[in-house]
Amino acid sequence: MNFLRKAAPAEVPQSSCSSTGPFDGFLDHPLLQPYAIYYNQETLKAAGIVIFVTFCVYIISKSIRKRKRASYLREATKRARETRDNKDHTNCFNHFSSTSHTHSTFSSLTAASIATSTTLDPRDVVSSLSSRTANLCSYRNDGGINATAEELYADGFRQASRQFKKPPAATALLRNVPISVKDCIGVRGCLQTGGLAVRTLEEHRSEVDSTLVATLRSQGAIPIVRGNVSQCMMLPESANNVWGETLNPWDKTRTPGGSSGGEGALVATGCVPLAVGSDVGGSIRIPASFCGIAGFKPSPGRISKKGCMAPRKDNRHGPGIVIPSTPGPLARTVDDCALFCEAVWTEEHFKKDKNVVAKVFDKKTYKKEDKLKLAYFKTDGWFHPCEAALRALEETVDKLRHEGHDVEEIKFPGNGAETYALYVALAAAEGDMRCFHEGLEGEDLIPPYKILKMASSLPNFLRPLVATLMNDRRSRLVSAGRSGGISAYDYWQRMADLNAMRSAWEEKATALGVDGFLHVALPLPALKCGTSGDLTGAFSYTLLANLLLWPAGTVPVTTITRDEQHYDMDFIPDSQWDHWARKAQEQMKESEGLPMSVAVMTPLWRDEECLRIMKEIERVAGFSKKPQDYLD
């Protein structure tokens, strides 16, 4: 036990007291005085040096590992792009031989018109639209919009050749229709990146089609391209470190939305008549609105997600149980969206996934001509719509009333602040964006996530102070989350809030006796690239249907006029005179000609009713404009 023997003060070497090293006087600190008699200065000095060196080695080695990981991921993405670039599509591009149709003819065809044609050669259709996509929307064209992730032109042409020799059954609803499939939905031989560099490794290449794509192929559809997405698929724009940034064909300084932005851009430019996206917070409806096309989010559980990836570590995405993502269509017409649903909701699809609701498409409901009873609200009380968005809604309501439909204005049940705060609390319950970082596996978040990252990582003891100093709306973002995650009790309380919200909306629909609800699709037009992180509050309108689990869709109805290029502070509530309002003013500058849409949502499982309302809005609005740069 000699090592515990107290050292007599007289035995302490004088040289240690006169030392001028970094640990001189270390034991003189009052807190360490009781322990000073057990050790001499030299022992503690050596221990301090060891601790300091160990800490430095740890920091340096961590930095080296991070740099090596970043370099490894850069090489992986480089190889993925090279694999894509080295594919030979020559046979597809050079095939076009039609004497009765031009390239511009094919770009204007709907999915329904292609599927029902008895004269179109599927090889010509695929060749023409593949060439158009490569020229206008791919990475190949410096002046293009970079809407593509992977390109399947050669694969699509081979499938078209097989279908030319042996046509699909007469009952195939999507016969010979070229389609785009979102990057996260499994297609045989393709990567599923979700905008993550780590998912470009070959081990993530799909060996078989997802259940949804297999069903679409059985109906005659031909995948020819994969649309780009946002990193982690939780931003309303489409940019990542793998495939780059996608631009809006209406204005290349703006985003086509996200996370299904590649699909929205491909449909808007006439490169494909139909695209397959997914929606967990507006990821179908936001691109549809920004790109001036139709988009539909079905009820969760009506379309299989087998073979679809989640952009999280090992595809483990717990919040997906509470707020599930839903695959769905984007198209130039509502009829094509309905055709997609009819083609997917089949017995074959139900047999492949027992978790899918076995409910075939109700064509009778979709085709009904009865007068509609609808309710609409102008604002959710959280983010006031711009003048053009309100005009789009009001003109649509007037046209529906003119056709004899009963459309009643109501006050938004609850408040959009509750919608926004509840979605953030549930989707980011783990705190610090932990699941994002785990899924990235060493890759950095892209800049648009900066504000969300700061809000999620803010120390909890500072949150009340920061929330007090900020305006009411942005303080909600700070207050909704907790660094380190919310407690189990708080999570249960948020779940109780969610159940109460769902009950309130169902009771409202029942009390009013309405077929559905209308509202502005979004309060602003397509945002400028890279700015979505500054305006997350503007997307409360799309988050609502995801929280309620209701089917929802958007339909373009008009474009912004020259005198609507403003966000007038005099017409918004005083509580919204803040940073977001100033950012909204910037977004409205030079916005003339951008499309504006109206949104529809109906109670759970009333998907066909939602599509019927969308179809009627499409008919009365008569919107037919396209991006000027892509008019044929």
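Cavities and cysteines

In this predicted model, 32 residues line the largest cavity, and those nearest its centre are Met234, Tyr423, Val424, Leu452 and Thr536. The space in this largest cavity comes to about 570 Å³. A search of the whole structure returns three cavities of 30 Å³ or more. Rolling a probe the size of a water molecule over the atoms shows where empty space is left.

Three helices, α16 (416-427), α18 (450-457) and α22 (540-548), each contribute at least two residues to the lining of the largest cavity. The most comes from α16, which gives four residues to that lining. Sorted by class, the lining of the largest cavity consists of 19 nonpolar, 10 polar and three charged residues.

The cysteines are the next topic. The structure has zero disulfides. A disulfide requires two cysteine sulfur atoms within 2.5 Å. For Cys337, the closest cysteine sulfur is that of Cys341, and because the two sulfurs are 7.2 Å apart, they are too far from each other for a bond. Cys337 has a relative accessible area of 0%, so this residue is buried.

Cys435 is likewise in no disulfide, and the nearest cysteine sulfur, in Cys232, lies 10 Å away. Is Cys435 buried, exposed or partly exposed? Its relative accessibility is 26%, so Cys435 counts as partly exposed. The cut-offs behind this are under 20% for buried and over 50% for exposed, with partly exposed in between.

Notes: Residues are numbered from 1 along each chain as its sequence is written. This is a predicted model: local features need pLDDT of at least 70, side-chain atom pairs count only at pLDDT 80 or more; totals for chains, interfaces and linings use all residues. Side-chain values use heavy atoms; hydrogens and water are left out. Buried means under 20% relative accessible area, exposed over 50%, partly exposed in between (1.4 Å probe, protein chains only). On a 1 Å grid over the protein atoms alone, a cavity is a set of points where a 1.4 Å probe fits but cannot get out, and a pocket is an open set with protein on both sides within 12 Å along at least five of seven lines; lining residues have an atom within 4 Å of a point. Grid points are joined across faces, edges and corners, and a volume is the space filled by probe spheres set on the points. Ala, Val, Leu, Ile, Met, Phe, Trp, Tyr, Cys and Pro count as nonpolar, Asp, Glu, Lys and Arg as charged, and the others, Gly among them, as polar.
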